[in-house]
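Visitor: Hi, I have this structure open and would like a hand finding my way around. Could you walk me through it?

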Amino acid sequence: MVAKTYSMGLFGMEAFPVEVEADLSQGLPAFELVGLPDAAVKESRDRVRSALKNCGFDFPVSRITMNLAPADKRKEGPIYDLPLLISLLKASQQLACQTDDAIFLGELSLSGELRPIRGVLPMADKARQAGFKRLYVPEGNAGEGAVIQGLEVYAIRDIPQLFAHLQGTLTLTPAIPCLDHETSPEILDFSDVKGQPEAKRALEIAASGSHNVLLIGPPGSGKSMLAKRLPTILPEMTFEESLETTKIHSIRGKLPAGVSLIRARPFRSPHHTISTAGLAGGGPSPQPGEISLAHNGVLFLDELPEFSRAAMEVLRQPMEDGKVTISRVGGSTSYPCRFTLVAAMNPCPCGYFGHPTHPCLCSPYAVERYLGKVSGPLLDRIDLHIEVPAVPFEELSSSKQEETSAQIRERVNAARQLQNQRFQGKGYTCNADIPAAQLQEMCQTTEEANRLLHRAFERFGFSARTYGRVLKVARTIADLDGSEKIDSAHAAEAVQYRTLDRKYWQRK
């Protein structure tokens, strides 16, 4: 007898339905598993056998052949334990029920309990699109799957509970997603940072238009403090942004326990020893890297020159396209990675080059070699270059109340609202994503501002990319000012943020 149960597979962000077939035939006892399974799937045979016996079911003494279709797509992970067991129970006539509209996902323990798995959210979304009505998952994944509307998601503790439900002797209630998590008060706040008004202004502009930022300054000037507080002034994510962000974290197994949907914008701060695969993603089965985990949030690279040259250069294409494509022998997949990059660095190896009071101990060659680790093409893709000087004692000891993150966020939200209205139906939502073809239409300037930009272009030798990014930053500054057109003051401030690389990287 042949029995069939449905499950899902996952490759990158794309999920696909999998038919789990079981056939019992005469012959020497054997348990064959086909359909391009990996090692973890092959080991399901032992987990299924033990789980059946320990839950009081009979393990069929016959030749068992189980197939995972389609056979040309690789099946990975322990997610097929549960559908394999259900198919085996149906084939051996120990379970009689209709499951054609149901998807089964879950890893089994030897005692028959279900353990949480990765990637439930994208698989649940694909199951709904494919027309399935029910989804059975471990208890730890039920809230995550229940985010998808139009799909009944059941939290399963163990095999006896699921068996009773399928037989009709126990009625389970579909899981309800917890979308409104109580948020704890912000621990980090911009009011903690003394002084640095120019840097705070630049980060406000970055948050308003989703622009990339480079912070340069001596040790202890507050670069890391400022960067870590950027998420506190970013606007709240939309449901679509939260869903896409949660999918990426679900695939990587980084979804916090008890969280159905990620509402806070991610903040990722990888160490400078990270590899290119860790940053961009990779592995035999391509997994999302740090840049994808930072999607819709902030990627903070502290001590930028200490990252390997390959790791830094791998950022260039994702920063332009908003996605990263990982190609392997088994196929290629793309992950979204629209993030705000905040990079921080010292001006030299000792950190005190150009400091007014602290002498620099580095030779000119050492300074040049240190700065040369950051390439021109990467600098060209960073919109705002900010110098963060040492904070004087008077400001550190001042009792003056600094502006809070909530106050700054109000202005950021107002600027984002203008952008949402301007870009409605365009396919993008912030100034940093304006395509080149629509740059002139979306970034209209006054005659005076245009003359100023022309002079700056010739004087500083801007590239075409730099000019476009300056124009986008000027558009954001105008939005913060509530201005329909970019005037000379907006253009001048935007140009100012692109002159620091001339000071450090193009010294004569």
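Predicted model: local features only at pLDDT ≥ 70, side-chain atom pairs only at ≥ 80, totals over all residues.

Visitor: Cores first, then. Which residues touch the most other members of the largest nonpolar core?

Guide: Those are Leu85 and Leu105, in a core of 61 residues. Helix H3, residues 81-91, gives the most to this core, namely seven residues.

Visitor: And what is Leu85 in contact with, leaving aside its neighbours within four places in sequence?

Guide: Leu85 then has contacts with Val48, Ala51, Leu52, Leu108 and Ile159. Another core, of 48 residues, lies apart from that one; Ala207, Val412, Leu439 and Ala456 are among its residues.

Visitor: Switching to strands: what is the order in the open sheet of three strands?

Guide: The order is E5-E8-E9, and the pairing is parallel. E5 (102-104) and E9 (152-156) are the edge strands, each pairing on one side only.

Visitor: How many bridges join E5 and E8?

Guide: Three bridges, in the parallel sense. Phe104 has Tyr136 of E8 as its bridge partner, and Phe104, Tyr136 and Tyr154 also form one aromatic cluster.

Visitor: Nice, aromatics. How many aromatic pairs does the structure hold?

Guide: Nine. In one of them, the ring centres of Phe423 and Tyr428 are 4.8 Å apart with planes at 50°, so this pair is tilted. Phe423 and Tyr428 are both buried.

Visitor: Why does the pair of Phe457 and Tyr467 count as edge-to-face?

Guide: Because the planes of Phe457 and Tyr467 are at 90°, with the ring centres 6.0 Å apart, and planes over 60 degrees apart count as edge-to-face. Phe457 sits in helix H19 (residues 447-460) and Tyr467 in helix H20, ten residues apart.

Visitor: Buried, exposed or partly exposed, which are Phe457 and Tyr467?

Guide: Phe457 is partly exposed, at 33% relative accessibility, and Tyr467 is partly exposed too, at 22%.

Technical notes:
Residues numbered from 1 in each chain as written. Heavy atoms only, no water. Core = buried A, V, L, I, M, F, W, Y, C linked by side-chain atoms within 4.5 Å. Buried < 20%, exposed > 50% of the residue type's maximum accessible area, 1.4 Å probe, protein only. Helix = DSSP H or I, 4+ residues; strand = E, 2+ residues; numbered from the N terminus. Contact = heavy atoms within 4.5 Å. Pairing = 2+ DSSP bridges. Phe/Tyr/Trp six-rings, centres within 6.5 Å; stacked < 30°, edge-to-face > 60°.
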